[in-house]
Amino acid sequence: DPTTFRIDTGTTSVTCGSGQRVLDALLRQGVWIPNSCNQGTCGTCKVRVTGGMVDAPPAPDTVLSDSERDQGYVLSCQSTPTTDIVVEPPADESGAHHHALRDLAGTVSSLTTVADDTVSVTVSLDDPFEFTAGQYVELSIPGTDQTRPYSMANPPSESGTLEFHIRRQPDGLATDGWIFDSLTVGSSVSMTGPWGDFCHREDEPGVGLILLAGGTGLAPLKSIARAALEADPEREIHVYHGVRTETELYDVDFWRALATEHPNVRYTPCLSRQQWCGRAGYVGDAMMADFGSCRNHAAYLCGPPAMVEAGVRALKRRRMPPRRIRREKYTPAT
Ligand code: FAD
Ligand code: FES
């Protein structure tokens, strides 16, 4: 087929259709490449092209530097081959088991408003689906060629029905224009997944977890907390959920029940723009007030970019080793 190219990785060779992105082709055929945003904004998916030609749109210097470009690096999530190519995938030091990317179809089985401008949506899948807690799928927006990423909030053990937490973005194509408009129980949903390397890792099983969430960044952390507790019900887990006002808080009963059931789970909602009976301020500041040192903990952070960056700074100030700080930013699509 003249419109199909080969991608040679040194150890294997996969096919790539015309217009298909290098990252998509590799992940679908079981070659793991670290990736996070799949939209050209994070730089996680860099691979070096050592032979052949790709069509690679310009990327900001902060994502791909001039010197990286000179050495042949491209963002694999944005690049399409125009000839057969040879790539050097980065060595995988994670030791994790990765799941191949695939297309998925399902039906909305519930859609509930859980807070101001926030819905919880469940989708029953036609076929079972394997992913790691923390990962996401890309939902196809009907009538467009666009997709948007949304994280699973359910643990992988309950993979027949996916749970999502979705916040409305004013004038947003996926949210205002579809999910908060016409999506209802019974609607069909098409998606691809699993994506992302924000993954629950049991590399240090006894280590206490600090989970810092902003808004619907709570979704992958719920999946991670539930997966960690399935493995060890006594696991020490500190969940901080930051929102602006009490009307934006959701899943409060879920987390309170979890903390009652598991002796070492602590749940701390934080409001940044309202005084109330609970904690005020940002999640990173609340965490710093509670911990003198985070040297012996691991962290997962998810939410708006500024919240994640502030949380990482707070954890470093409390001496958490950088390799134990895992993060995902809900960067808007460009
Ligand atoms: P768009 O049409 O993309 O945006 C409309 C306008 O609003 C644009 O001008 C855009 O730049 C601006 N805009 C969009 N988002 C923001 C923002 N956050 N802050 C400021 N301006 C903005 N969201 C969830 O609610 N739940 C999730 O589980 C979730 N998981 C994600 C996982 C990943 C890896 C990433 C990268 C993002 C995730 N998001 C999640 C964000 C989500 O994918 C969409 O970006 C969001 O729902 C807005 O999409 P939209 O099509 O409605 O808005
Ligand atoms: Fe490709 Fe983020 S830039 S995954």
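This is a predicted model: local features need pLDDT of at least 70, side-chain atom pairs count only at pLDDT 80 or more; totals for chains, interfaces and linings use all residues.
Which polar backbone atom is 3.0 Å from an oxygen atom of ligand 1?

1. The backbone atom in question belongs to Ser151, whose polar atom lies 3.0 Å from an oxygen of ligand 1. Taken alone, ligand 1 exposes 950 Å², and 75% of that is buried by the protein.

2. Two further polar pairs involve ligand 1. A polar backbone atom of Arg167 is 2.9 Å from an oxygen atom of the ligand. With Tyr330 the side chain takes part: one of its N or O atoms is 3.0 Å from a ligand oxygen.

3. The shell around ligand 1 holds 20 residues, and Pro149, Tyr150, His165, Ala174 and Thr175 are the closest. By class, the shell residues are eight nonpolar, eight polar and four charged.

4. As to secondary structure, at least two shell residues come from each of β11 (147-151), β12 (161-167) and β19 (325-329). The most are supplied by β11, which gives four. In terms of domains, domain 2 (102-195) and domain 3 (208-329) each contribute at least three residues to the shell.

5. Most of α4 is covered, with eleven of its 14 residues buried. Among the buried residues are Leu218, Leu221, Ile224 and Leu229, together with Pro220 and several alanines, including Ala225 and Ala228. Lys222 and Ser223 are also buried.

Technical notes
Residues are numbered from 1 along each chain as its sequence is written. Chains are lettered from A and ligands numbered from 1 in the order in which they are written. Side-chain values use heavy atoms; hydrogens and water are left out. A residue is near a molecule or strand if one of its heavy atoms lies within 4 Å of it. A polar contact is a pair of N or O atoms within 3.5 Å; within protein, one must be able to donate a hydrogen and the other to accept it, and residues adjacent in sequence count only if both atoms are side-chain atoms. Accessible areas come from the Shrake-Rupley method with a 1.4 Å probe; for residues, only the protein chains shown count as cover. Ala, Val, Leu, Ile, Met, Phe, Trp, Tyr, Cys and Pro count as nonpolar, Asp, Glu, Lys and Arg as charged, and the others, Gly among them, as polar. Domain bounds come from an automatic or database domain assignment. Buried means under 20% relative accessible area, exposed over 50%, partly exposed in between (1.4 Å probe, protein chains only).
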